[in-house]
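Here's a quick briefing for anyone opening this structure for the first time. Take a look at the sequence and the model, then read on.

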Amino acid sequence: MNLIHIKTILIFLALFLLILLLALYLSGCVDSEVKAGLEDETGREDGVNAIVSIPPQEEFLKKIGGNRIRVTTMVLPGSNPHTYEPLPGQLREVSGADIFFKIGSGIDFEIVWLNKVIEMNKDMKVIDCSEGIELKYSDPHIWLSPLNAVLMVKNIYQGLIDFDPGNADSYRSNMETYIRELEQLDRDIKGIFKENEVRMIMVVHPAWTYFADEYGLEQLAIETEGKEPTPGALKMLVEKAVENDVEVIFASPEFDVRSAETIAAETGAKVVMVSPLEKDYINNMRKIAEAFAQSSGQ
Ligand SMILES: [Zn+2]
């Protein structure tokens, strides 16, 4: 008798608990507690998960969206965007991403990987950062002109407000502040090259076509179509370097410096490293412009 009584009480208790949990769940209490537990380190609950190809794009996105944006960058500093392959962890990030901001200028990494990445997450929006930029197909490094960076920032802003219109006001004012800084950078660089006689920059990797065109320079590249120069080409490069008083040859951490060192040894120039992929875009570009300005014809 007693045993049956206890069993009945237990069944009633279990039912009561079940109903209580159901009520809590329906009222949203459990749901919001679960969500709070999933917040990331920025405290963001409903921000934007974005993928970009290179660190300067990450900078542009963060300048506009701040803590609302969680960015995964594919080509990490020091690696080569022409031969890069994403890591398994990065591909996992892609599957949860809202937007992929592609450079869109025909850089090898995107040509090889973009379709595979899109295949992994068909709900992901793809924004082309190169829209409105007049492409020179011989050089995919569009971001290395500050005025192109302005257009890329505008494209990123447009992609963000389409996805997250509720925060359009803050995105807009952040974008306008950053564009003013980029335009100041452009004026500063124009000033730097007005004061200097330099007309030629000698570089290993021909990444600076947009920059050179913008500021009236001639880019002399050691590498052609991703290949080291032949002995004949090397001889011609040495002659040109001497003719133009090239004092500095610019290499970058992503590429082999040996050909630069060979030419430098023959002409007495020195080899200086510059990175086209640094995240701190404005400071990096100003530093590079100053280095270019003092590199030849003095
Ligand atoms: Zn490159």
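Predicted model: local features only at pLDDT ≥ 70, side-chain atom pairs only at ≥ 80, totals over all residues.

Residues are numbered from 1 along each chain as its sequence is written.

**Strands and how they pair**
- Helices (H or I, at least four residues) and strands (E, at least two) are DSSP runs, numbered from the N terminus.
- Strand β5 (residues 200-203) runs parallel to β6, and four bridges join them; strands count as paired if DSSP finds at least two bridges between them.
- Met200 has Glu218 in β6 as its bridge partner.
- β5 also pairs with β7 in the parallel sense, over two bridges.
- There, Met202 has Ile249 in β7 as its bridge partner.

**The crossover**
- β5, helix α8 (residues 209-214) and β6 make a right-handed β-α-β unit.
- Right-handed here means that, with the strands pointing away from the viewer, the path from the first strand over the helix to the second runs clockwise.

**Two loop residues with positive phi**
- Glu225 sits in the loop between β6 (218-221) and α9 (231-243), and its phi is near 50°, a positive value in a residue other than glycine.
- Glu225 is exposed, because 6 other C-beta atoms lie within 10 Å (exposed is 12 or fewer, buried is 20 or more, partly exposed is in between, with C-beta atoms placed from the backbone).
- Asp245 lies in the loop between α9 and β7 (248-251); it isn't a glycine either, yet has a positive phi of about 50°.
- Asp245 is partly exposed, because 15 other C-beta atoms lie within 10 Å.
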